[in-house]
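Biologist: Can you put the model up and walk me through it? I would like to start with the ligand.

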Amino acid sequence: MSEEKSVGSREKEFYYPSEEILANANVKAYEELYKKSITDREGFWADQADELHWFKKWNKVLDAAKAPFYKWFVGGKLNIVDNAIDRHLKTWRRNKLALIWEGEPGDVRTYSYHALNREVSKFANILKSMGVQKGDIVTIYMPQIPELAIAMLACAKIGAAHSVVYGGFSVEALAERIEDADSRVLVTADGGWRRGKITDLKTIANEAMKRSPTIEVCITVKRTGQQVYMENDRDFWYHDLMSLPVANQKCETEVMDAEDMLFILYTSGTTGRPKGLLHTHGGYAVYTATTHKMVFDIKEEDRWWCAADPGWITGHSYIVYAPLINGATVMMYEGAPNHPYPNRWWSMIEKYGVTILYTSPTAIRGLMRFGEAWPNRHDLSSLRLLGSVGEPINPEAWKWYHRVIGKDKCPIMDTWWQTETGGFMITPLPITPLKPGSATKPFFGNEIAVVDDKGVDVKTGEEGKLVIKSPWPGMARTIYKNPDRYVETYWKDYQQQGWYKAGDSARIDEDGYVWIIGRIDDVIKVSGYRLGTAEIESALVSHKDVSEAAAIALPHDLKGNAIHAYVILRTGITGSKELKETLKNHVSHEMGPIGKPESITFTDSLPKTRSGKIMRRVLKARALGQDEGDLSTLEQ
Ligand code: PRX
């Protein structure tokens with residue numbers, strides 16, 4: 001079957017929700033509410049915001065006076081933690097499980113909302129005693145353990161912002177982020193468990209602190225018990241601090257302005273330095289809670305498992321904040337999906353009675369590889385809904401997920417969104433007829449389009465650039481310390497129209513279903529992780545033998561994309577198999593293992609424009625044996 005044909009036929013293939021799903025869904029009809037949410041966007045969002053607890057109600061839902069620096073719920077006072085924890089304590093939810101956590105070695109910890117509040121309040125008091133104040137940014141570098149969520153919530157509770165750096169990142173990446181955020185306090189752990197091995201977080205943190213001198217206090221959670229270097233007067237053990245009288249379990253939740261900073265989260269862009277996207281207490285709380293409740297149909301009795309890492313936006317929004325605001329029971333797991341055996345996830349779904357699983361296409365493809373026998377050994381009947389995020393899901397993986405894991409009865413919510421958007425932007429609802437591989441339609445309040453460079457809608461079914469035409473409460477407010485880059489990156493291309501450029505290409509079919517194709521900028525998605533080609537290239541050229549480098553993404557069965565690098569060596573250096581390995585390991589050391597190139601080609605030249613920009617699309621076309629397209633700007 002040709003690609004053309006297979007695309008055409010999958011566009012006609014619908015999967016319909018069962019009567020039971022339709023009868024019980026939180027949202028019963030899409031079209032009508034969608035129309036209403038567009039004609040009265042502010043009214044729609046005000047209704048959603050009313051579901052939260054505000055210390056003081058807003059005067060204005062949306063302030064577009066300084067667009068694209070939009071403000072939401074202007075004048076409103078709240079705290080996201082008051083909504084995620086405090087208000088539940090006044091109800092029976094006080095004794096409901098907020099968190100079920102399983103460590104990779106099999107240890108289990110559970111927290112009721114009462115217990116979570118106790119731990120968060122105690123740690124909040126510790127942070128205060130360390131001089132952390134409203135507006136400060138605390139950097140968190142941790143494995144996936146409850147203390148990661150506790151640290152995030154403790155920061156937010158006292159009005160400090162957090163900057164979580166994914167535990168797989170290297171010294172360089174951590175140091176750069178600490179410095180950009182001017183963090184005085186770092187929270188880390190002595191290590192975490194991954195595939196039976198210890199990840200050396202504290203050692204990396206120690207190195208990073210040497211490079212970024214802003215850190216005065218480093219708090220370390222003892223997770224593995226391995227020996228780590230602790231410096232006098234700078235390093236403190238979490239458990240020591242938590243047993244001090246100052247770690248009182250009563251702590252006032254700070255009253256925040258809706259527009260006050262909640263966190264920054266760094267993500268890769270087209271130029272070298274990662275950008276710190278800034279999210280706020282008000283709009284982010286409203287947007288994440290609403291999308292979570294409506295898309296995943298959250299019910300009081302649900303056990304929600306978002307199998308992402310809290311170090312990414314998916315974890316911020318849908319492991320920590322939204323599910324707690326919605327009073328759900330959150331499942332969290334520390335380690336690898338196939339450790340010690342490929343049934344690890346399936347056994348946990350059975351063991352804890354998980355009702356909703358939200359994960360990535362890469363994880364699904366990875367588990368699919370081990371065959372059906374592993375999930376079939378477990379009772380997965382507790383599952384009601386499934387979800388996917390991070391990259392386009394290929395129909396084969398979608399169907400396997402639907403049939404083998406969901407037993408043909410669990411709709412799959414393929415949610416398209418970004419670090420920048422805070423929450424789901426294009427997504428089905430449980431009632432939506434699904435097409436495998438399509439994120440379906442925009443969420444309420446969002447107007448989207450697929451356009452050409454001038455902003456004209458491309459024809460139905462044709463590929464174009466995805467834009468978001470209207471503001472939404474969960475949108476990032478800026479890039480930390482770099483508002484110009486925020487405008488330049490997202491708003492400049494369609495400045496006249498005032499549209500947000502997503503950086504993805506997409507198609508909209510004749511039923512109005514959106515098909516995301518992938519990034520069109522110099523961002524690569526590897527196993528759902530977002531990497532900038534510029535970051536990989538600068539890691540390569542930081543090696544003494546490398547003169548120039550170019551990184552591209554090539555299709556990969558498991559990872560979606562894999563990094564392929566072209567390298568020009570310095571004069572006098574000869575390429576060899578060993579040098580390729582050395583360079584791969586060098587990138588892994590500089591960026592963390594997710595940046596490691598799959599393959600390296602040594603070359604004498606790279607195709608460049610006359611202005612000296614590397615034409616990565618030409619490299620990609622050559623590698624794939626495709627037409628190289630317009631070469632008029634190529635330097636001869
Ligand atoms: O290319 C899109 C892809 O992930 C990008 C955003 O990456 P990040 O900020 O790391 O956030 C990932 C988790 C929200 C997008 O520009 N992407 C995300 N979800 C999907 C997707 N591509 C296709 N389908 C999705 N459901």
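Modeller: What follows goes from the ligand to the sheets, then to the overall fold and some backbone details. Keep in mind that this is a predicted model.

Biologist: Which residues come nearest to the ligand?

Modeller: There are 17 residues around the ligand, and the nearest of them are Asp414, Thr415, Thr419, Arg519 and Arg530.

Biologist: How does that shell divide into nonpolar, polar and charged?

Modeller: The shell has 6 nonpolar, 5 polar and 6 charged residues.

Biologist: What lies 2.7 Å from a nitrogen atom of the ligand?

Modeller: That is a polar side-chain atom of Asp414. A nitrogen atom of the ligand also has a backbone N or O atom of Pro392 at 3.5 Å. For an oxygen atom of the ligand, there is a side-chain N or O atom of Arg530 at 2.6 Å.

Biologist: And how much of the ligand's accessible area does the protein cover?

Modeller: On its own the ligand has 540 Å² of accessible area, and the protein covers 96% of that.

Biologist: Which helix and which strand each supply at least two residues of the shell?

Modeller: Helix 12, residues 313–325, and strand 25, residues 514–519.

Biologist: What is strand 25 paired with?

Modeller: Strand 25 pairs with strand 24, residues 500–508, in the antiparallel sense over 5 bridges. Within that pairing, Asp504 stands opposite Arg519 of strand 25. Arg519 is also one of the residues that come nearest to the ligand.

Biologist: What sheet does that belong to, and in what order do the strands run?

Modeller: It is an open sheet of 4 strands, ordered 21-22-24-25, with antiparallel pairing. Strand 21 (448–451) and strand 25 are at the edges; each has a single partner strand, so one side of each has no neighbour in the sheet. From one strand to the next, the twist averages 45°.

Biologist: Strands 8 and 11, parallel or antiparallel?

Modeller: Parallel: strand 8, residues 185–189, is joined to strand 11, residues 217–221, by 5 bridges. Leu186 has Cys218 of strand 11 as its bridge partner.

Biologist: Zooming out, how many helices and strands are there in the protein chain?

Modeller: The protein chain has 20 helices and 30 strands. Its C-alpha trace spans about 70 × 60 × 60 Å along the principal axes.

Biologist: What about Phe73, positive or negative phi?

Modeller: Positive, about 55°, although Phe73 is not a glycine. Phe73 is located in strand 2.

How values were computed:
Residues numbered from 1 in each chain as written. Predicted model: local features only at pLDDT ≥ 70, side-chain atom pairs only at ≥ 80, totals over all residues. Heavy atoms only, no water. Near = heavy atom within 4 Å. Polar contact = N/O pair within 3.5 Å; in protein donor to acceptor, adjacent residues only side chain to side chain. Areas by Shrake-Rupley, 256 points an atom, 1.4 Å probe, with all protein chains shown as cover. Nonpolar A, V, L, I, M, F, W, Y, C, P; charged D, E, K, R; others polar. Pairing = 2+ DSSP bridges. Axes fitted to C-alpha atoms, helices over the stretch in contact; angles between N-to-C directions.
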